[in-house]
Amino acid sequence: MMDDKLHLAPIDSNPQNILDIGTGTGIWAMDVGERYPSAQVIGTDLSPIQPSWVPPNVRFEIDDAESEWTFKKNFFDLVHIRNLGGAIKDWEKLLTEAYKHCRPGGWVDIAEYEMVCFSDDGSVQESMTLSKFYVLINQAVEKSGRGFHMAKLLGPVLTKIGFTNVHHEIAKGPLGPWAANKKEKEIGAYMLLSAETGFEATGIGLFTNVLGMDPKEAQRIIAETLKQAKSRKIHAYGKQ
C-alpha cells in the first residue's frame, strides 16, 4: 500500500533515534533498523512477543504507552504509531507524550484505520453480516472505553497539542482480490489472507466477553462474515 515506504514522515536520511510504540511482533522496528543502520531503534509493547535475534541497532522494551514515558525529552527523530485503534483510551495523552519526546524538528508518523466496511457500488449493505460484524466490533470496543474512531479525528488533536505541519492521507484497502487494478488486487489478497484468522482473533473475545454473546452465535457471525468477504460480488474496502 505504501510502495515500500516504512513511513510517510519526511525525516532526513540519517535519523539517530526512532521509537516504535506498540511494536507487536517488532517487524516494523527491525525493518526500519535495517533501513537506517546509524539509528538506534526502540520498540515498546505490553507483550514480550518480539524475537531475540534482531539488528544490532534495535532493542525491545516492555512498556505501557498510556503511562508517562520515561525516555529523554526532545530526543526522538521519529515516533511511529500504527494500528493502535481499539487499544488506547486517551489519544490526547498518548500524543502529548510523543510531542514531549520528539526533538525539535522531529516527526510523529501515525497509521490508523477505521473499523468500517465501505463500497463504492452499493455491494456492501447495512443488512449484511459483513457490515454487522464491524458494527458489533465498534460497540464492544467503545463499551470497554476505547474505540476505532480516531483515524479521521487525529488532525485537530495533534494541532491542539502543538504539532505543526500536520498532514493527513487516506488510502483504500480492498478486502479481497476483486479490484481491477493490479496493485489493489494484491493488497486485497493480503487483506483477505489476514482476515482468515483476523476476524476471529479480533471478534471472538469482544463478542463473548464484552457483549455477552453465545460462543456458537459469535462463531456463526465470524464464519458468515468471512464467507461474504471472499465473495467476488462484494467489493468491500477499508480506509487507512
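Student: Is D4 buried or exposed?

Tutor: D4 belongs to the segment before strand 1; strands are DSSP runs of E with at least two residues, helices are DSSP runs of H or I with at least four residues, and both are numbered from the N terminus. A residue is buried under 20% relative accessible area, exposed over 50%, and partly exposed in between, with a 1.4 Å probe and protein chains only. Because D4 has a relative accessible area of 63%, D4 counts as exposed.

Student: What pLDDT do local features need?

Tutor: Residues are numbered from 1 along each chain as its sequence is written, and side-chain values use heavy atoms, with hydrogens and water left out. The model is predicted: totals for chains, interfaces and linings use all residues, side-chain atom pairs count only at pLDDT 80 or more, and local features need a pLDDT of at least 70.

Student: Near what value is phi of D3?

Tutor: D3 is also found in the segment before strand 1, and its relative accessible area of 56% makes it exposed. D3 is a residue other than glycine, and its phi is positive, near 55 degrees.

Student: Which residue in strand 5 is the bridge partner of L78?

Tutor: Strand 4 runs parallel to strand 1 (residues 17-21), joined by four bridges, and there L78 stands opposite I18. Strand 4 also pairs with strand 5 (residues 102-111) in the parallel sense, over six bridges. In strand 5, the bridge partner of L78 is W107.

Student: Why is strand 4 largely enclosed by the rest of the structure?

Tutor: Strand 4 covers residues 76-82, seven residues in number. It is largely enclosed because the number of its residues that are buried is six.

Student: Which residue in strand 3 is the bridge partner of I42?

Tutor: Strand 2 (residues 40-45) runs parallel to strand 3, and five bridges join the two. Within this pairing, the bridge partner of I42 in strand 3 is R59.

Student: By how many Å are the C-alpha atoms of V32 and V58 separated?

Tutor: V32 has its place in helix 1 and counts as buried because its relative accessibility is 0%. Not counting residues up to four places away in sequence, V32 touches L6, I18 and V41. V32 and V58 are 26 residues apart along the chain, and their C-alpha atoms are separated by 9.0 Å.

Student: How many Å apart are the end C-alpha atoms of helix 6?

Tutor: Helix 6 (residues 215-229) has 15 residues, and the expected span of a helix is 1.5 Å times one less than its number of residues.

Student: What arc do the buried residues of helix 6 cover around the axis?

Tutor: The buried residues of helix 6 are A218, I221, I222, T225, L226, Q228 and A229. The arc is that of the directions from the helix axis to the C-beta atoms. These residues are on the same side of helix 6 because they cover an arc of only 165 degrees.

Student: Which residues are exposed on the other side of helix 6?

Tutor: The cover over the buried residues of helix 6 includes helix 3 (129-143) and helix 5 (182-210). The exposed residues on the other side of helix 6 are K216 and K227.

Student: With which residues is T225 in contact, leaving aside its neighbours within four places in sequence?

Tutor: T225 lies in helix 6 and counts as buried because its relative accessibility is 0%. Leaving aside its neighbours within four places in sequence, T225 is in contact with T129, L130, F133 and F199.

Notes. Two strands pair if DSSP finds at least two bridges between them. Contact means heavy atoms within 4.5 Å.
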